[in-house]
Amino acid sequence: MGLERVQAISKQSMSMNTIPHEFIRSENEQPAITTVHGAILEVPTIDLSDPDEERLVGMIAKASSEWGLFQIVNHGIPSEVISNLQKVGKEFFELPQEEKEVYAKPQGSKSVEGYGTQLQRELEGKKGWVDHLFHRIWPPSVINYKFWPTNPPSYREANEQYTNYLRKVAEKLFKCLSLGLGLQEHAMKAAIGGADLEYLLKINYYPPCPQPDLVLGVVAHTDMSTLTLLVPNEVPGLQVSRDGQWYDVKYIPNALIVHIGDQIEIFSNGKYKAVLHRTTVNKETTRMSWPVFLEPPLDQVIGPHPKLVDEGIPAKYKSKIYGDYMYCKLNKLPQ
C-alpha cells in the first residue's frame, strides 16, 4: 500500500495516546508555544454583493495589501451547494482504505493529482498531520476523471455544481483586484492565464490527534498559485502570521476564505501580499477544508505588470515560468 496514511496513524495514536516522532515539530513551530492564545484574529470580512463597486474594490485591495487574506460573505454560492461539496468529500475519506487507494497519486508522477499524504519536501524530514485528495475541476480540457471518486455516487455532480458557482466568484475577485491596482478589469486574469487558468481542488483531511499542541496539519507557507478560495468545516484550525506571531482565524459559517498567492504578489509588484499561514489539528474532532487553487498554465510567464513598474518603483520580482516557480517551491530551492 506504500505510504502509511495519517488517518490510520491517527487511529493507532489515539488508542496509545502518543504520536510518532516524525510528526513532532521543533519548539519554534509547535502550536502550544508559538500561538498567541486567547486572541482570535478577525480578518477582514467583505460582502461580495455590495452594490457600490468602488467601495468593494477598495475593501478588497486594502485587505489584499494589508492582510493577503479575507473572508467573503454573500458570495452567491448557495449553502446547500457548499454542504453537498463537504458531504461527498467527507464520505470519500470515510470509505475503506483500499477504496481510497484506487485514487492514490501514481508513484513518480510529477502532478499533484490523486489521493496522498506527503506533498512537498520538508527540510527536517517532518510530516504533516493530514491526508489529501487533489484533482482539477476546471477547465474541462485539464480534468482527469480517474482522480474523481465514483463513490459516493453524487461526488461528481456536487463538485461540478460548486465549480460553476465558484468560477463566477473568481471572475469578480480578479476584476476587483485588477481595478484596485489601477489597471483595466481584465488585466490580472489575462496575465495569469486567461481562459486557460486551472482550478485545482484539494480536500484536506486532518484526523484527531492525541497531542495536537506538538503537530501541524500543514506547515507554514504561502500559496504558490494566484488565488485560493477555501471552504472549511466548522472545526477551527487556520492560523495566520501577523507581525511574526501566529493567530487563530475566526470561523464564519458559509463564508469563503480568500488567500492571495505568490503569483498575484509578483504580478502586483508587491502591492498585494501572499499570506503566510499554517493549520493546526484537533484532539477530538476531524478538521477538513476544501481549498481551490487557481493556477496559471505551467508554461505561463508571470512577472510584475509593466504599469506597476517605473524608475521610482523598480521590479521587485523577476519574471518566471510558472512550472519552474512551482518546481523550486515544492523542492525548497531558491527562486
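Colleague: How many of the eight residues of strand S5 are buried?

Modeller: Seven of the eight residues of strand S5 (residues 131-138) are buried, so the strand is largely enclosed by the rest of the structure. Buried here means under 20% relative accessible area, with exposed over 50% and partly exposed in between, using a 1.4 Å probe and protein chains only. Strands (E, at least two residues) and helices (H or I, at least four) are DSSP runs numbered from the N terminus.

Colleague: Before we go on, what kind of model is this?

Modeller: This is a predicted model, in which local features need pLDDT of at least 70 and side-chain atom pairs count only at pLDDT 80 or more, while totals for chains, interfaces and linings use all residues. Residues are numbered from 1 along each chain as its sequence is written, and side-chain values use heavy atoms, with hydrogens and water left out.

Colleague: Back to S5, then: which strand does S5 join over seven bridges?

Modeller: That is strand S6 (residues 198-206), which runs antiparallel to S5. Strand S4 (residues 114-116) also pairs with S5 in the antiparallel sense, over three bridges; two strands pair if DSSP finds at least two bridges between them. His132 in S5 stands opposite Gly116, and in S6 the bridge partner of His132 is Asn204.

Colleague: And in what order do the strands of the open sheet come?

Modeller: Five strands form that open sheet, in the order S1-S10-S9-S12-S7, and the pairing is mixed. Strand S1 (35-41) and strand S7 (218-221) stand at the edges with a single partner strand each, so one side of each is left without a neighbour in the sheet. Within the sheet, three bridges join strand S9 (residues 238-242) to strand S12 (residues 277-279), which run antiparallel, and Gln239 stands opposite Arg278 in S12.

Colleague: Changing topic, is His259 buried or exposed?

Modeller: His259, which is found in strand S11 (residues 256-260), is buried, with a relative accessible area of 1%.

Colleague: Which side chains does the side chain of His259 make a polar contact with?

Modeller: The side chain of His259 makes a polar contact with the side chain of Asp223 (3.1 Å) and another with the side chain of His277 (3.4 Å). A polar contact is a pair of N or O atoms within 3.5 Å; within protein, one must be able to donate a hydrogen and the other to accept it, and residues adjacent in sequence count only if both atoms are side-chain atoms.

Colleague: What about aromatic pairs, how many does the structure hold?

Modeller: The structure holds nine aromatic pairs. One of them, Phe23 and Trp129, is edge-to-face, at 5.0 Å centre to centre with 75° between the planes. That pair links distant parts of the chain, with Phe23 in the loop between helix H1 (6-16) and helix H2 (31-34) and Trp129 in the loop between S4 and S5, 106 residues apart. Both Phe23 and Trp129 are buried. The rings of Phe93 and Tyr205 have their centres 4.8 Å apart and their planes at 10°, so that pair is stacked.

Colleague: What are the cut-offs for those ring pairs?

Modeller: Rings of Phe, Tyr and Trp (its six-membered ring) pair if their centres lie within 6.5 Å, and planes under 30 degrees apart count as stacked, over 60 as edge-to-face and the rest as tilted.

Colleague: Which residues do ring pairs link into a cluster?

Modeller: The cluster consists of Phe92, Phe93, Tyr103, Tyr115 and Tyr205, linked by ring pairs.
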